[in-house]
Amino acid sequence: MSNTNAKKGVTFAQVADAATSLKARGLEPTGYAVRAELGNTGSFTTIQAHLAKWKAESAESVKTRELPPEVEHAMQTAIAVCWAQATKVADEAVAIVRRELHDKDQELKQAEALIAELEARTEKAEAEAAKAAQEASEKTGKLTALTGAHNELKARFDDLVGLKRPAGAPVVALGTKQARSSKKAGGPESTPAGQQAQQ
């Protein structure tokens, strides 16, 4: 910068141009950077005041800047397409989940029905087994009673007909029809010798 510019002072336009140039090169337009861009001329206070004004106007410009209609329309169209696609994918996913839940519900109902049937069969089998066990117990008791009665009758029979007899005595017990026939026929007991033998 010339001495003439230094005497006149740095203008807002000069500061704005310097700050814009720094910003375009990716540098931060600070007061010192702008003054260096201006050739180290100008009052630092003046530069700072102009720079503050430039930053405020730049920020306001960014806020109020509007997109071109064609760009805005393209963006809205793209957003609508993305939203429709996302909704479609979500609906398909929900439908798949619902079908899976329905299938699982049917499987669960079938499993519950099978369990109920098996439980009913088990209860019936247990009841039949208990009944059979009761009948077997009753039959065992009757058999035991009959066996005891048989043994008792057999013992009585042995007492009646199984008494020890004298040697040579006939097998038929006394008092039978065969014994009386023997007496009538002149058996040993009907003869005098027999009577004497008995005495």
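The side chains of R156 and E152 come together in a salt bridge, with N and O 2.8 Å apart; the term is used here for a side-chain nitrogen of Lys or Arg within 4 Å of a carboxyl oxygen of Asp or Glu. Both residues belong to helix 5 and sit four residues apart, about one turn of the helix. R156 counts as partly exposed at 49% relative accessibility, and E152 is partly exposed too, at 43%. For these labels, buried stands for under 20% relative accessible area, exposed for over 50%, and partly exposed for anything in between (1.4 Å probe, protein chains only). This is a predicted model, in which local features need pLDDT of at least 70 and side-chain atom pairs count only at pLDDT 80 or more, while totals for chains, interfaces and linings use all residues. Residues are numbered from 1 along each chain as its sequence is written, and side-chain values use heavy atoms, with hydrogens and water left out.

By the salt-bridge rule, the count comes to four. Another of them joins E117 to R121, whose closest N and O atoms are 2.6 Å apart. These two are also four residues apart in helix 5, so about one helical turn separates them. E117 is partly exposed, at 38% relative accessible area, whereas R121 makes it into the exposed class at 52%.

The pair R25 and E37 is another case, a salt bridge with its closest N and O atoms 3.1 Å apart. R25 lies in the loop between helix 2 and helix 3 (31-37), and E37 is in helix 3, so the bridge ties together parts that are 12 residues apart in sequence. R25 is partly exposed, with a relative accessible area of 46%, and E37 is partly exposed at 34%. As for the helix numbers, they run from the N terminus over DSSP runs (H or I, at least four residues, for helices; E, at least two, for strands).

Now to helix 2 itself. G26 follows the helix and has a positive phi, near 80°.

That brings in the largest nonpolar core, which has 11 residues: V10, V15, A16, A18, A19, L22, V34, L38, I47, L51 and W54. Two or more residues each come from helix 2 (12-24) and helix 4 (44-64), with helix 2 giving the most, five.

M75 is found in helix 5 (residues 69-161) and is partly exposed, with a relative accessible area of 42%.

Note on methods:
Core = buried A, V, L, I, M, F, W, Y, C linked by side-chain atoms within 4.5 Å.
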